[in-house]
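Me: I have a model open and want a close look at a single part of it. Please take me through that part in one connected answer.

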Amino acid sequence: MAPRIAIVFYSLYGHIKTLSESVAKGAKAAGATVDTFQLPETLPENVLQLMHAPPKSDYPVLSDPSVLKDYDGFLFGIPTRYGRAPAQWSSFFDTTGGLWMSGALVGKAAGIFSSTGGQHGGQETTALTTIPFLAHHGITYIPIGFADPDKSLLDLSEIVGGSAYGAATISGGDGSRQPSAKELAVAEYQGKYFATQLGYYVAGKAAASQ
């Protein structure tokens, strides 16, 4: 049985969306069934215009958190605000109280990929400060380590976002820097690795229930 994965992201300028597509590519290559969602926007339209934010993508908006019950695992695309998840993610997390009360997400798995304005903007702390949400729901966190085939996370020849916690990109203070080829490769690896590990779990769970 192929694992079912929901990729859920929030992207203001498109960097996380771009990473999510590489993550999805990797997960599908590993045989997973993948659906991609974006979070509802919480900023008013006039603020988005002042921030010169581009139009939102066509991915369906995940306004009902109960949809998560239909999946074996999640890959969360979380841009960084002051070293942690932005308000859009916090607002979404706050809507999952019913899922927590019923234990609906216990035993599922998740990974995290992110984006920061600069090299030291908090890619690792964004994952670390999201793990408590996963823990309260009983969701197992799957990091990627430094095992990507090209060893891009250990490359010192150029700036490369990402860490053992998950793929990431660096957008630049004005959002002008786009995800590099190496960052996209790490994102694709994360999707493939996550789907593979989740597949082992799903298969084992199915076998144990027979």
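Predicted model: local features only at pLDDT ≥ 70, side-chain atom pairs only at ≥ 80, totals over all residues.

The cavity comes next. The count comes to one cavity of 30 Å³ or more. The volume of the largest cavity is about 60 Å³. Its lining includes Ile112, Phe113 and Ser114, along with Gln123, Glu124 and Ala127. Gly162, Ser163, Tyr165, Gly166, Ala167 and Ala168 line the cavity too. By type, the lining has six nonpolar residues, five polar and one charged. Glu124 is the charged one, because Asp, Glu, Lys and Arg count as charged.

Now follow E4 to its neighbour. Strand E4 covers residues 109–116 and runs parallel to E3, with seven bridges joining the two. Ser114 in E4 stands opposite Ile78. That serine is also one of the residues lining the largest cavity.

E3 itself spans residues 73–79 and is mostly covered, with seven of its seven residues buried. Here buried means under 20% relative accessible area. Gly73, Leu75, Gly77 and Pro79 point one way from the strand. Phe74, Phe76 and Ile78 point the other way. Residues of both sets are buried.

E3 has another partner. Strand E1 (residues 4–9) pairs with E3 in the parallel sense, over five bridges. In this pairing Ile5 stands opposite Gly73.

Note on methods:
Residues numbered from 1 in each chain as written. Heavy atoms only, no water. Buried < 20%, exposed > 50% of the residue type's maximum accessible area, 1.4 Å probe, protein only. Helix = DSSP H or I, 4+ residues; strand = E, 2+ residues; numbered from the N terminus. Pairing = 2+ DSSP bridges. 1 Å grid on protein atoms, 1.4 Å probe; cavity = no way out; pocket = protein on both sides within 12 Å on 5 of 7 lines; lining within 4 Å. Points joined across faces, edges and corners; volume = space filled by probe spheres on them.
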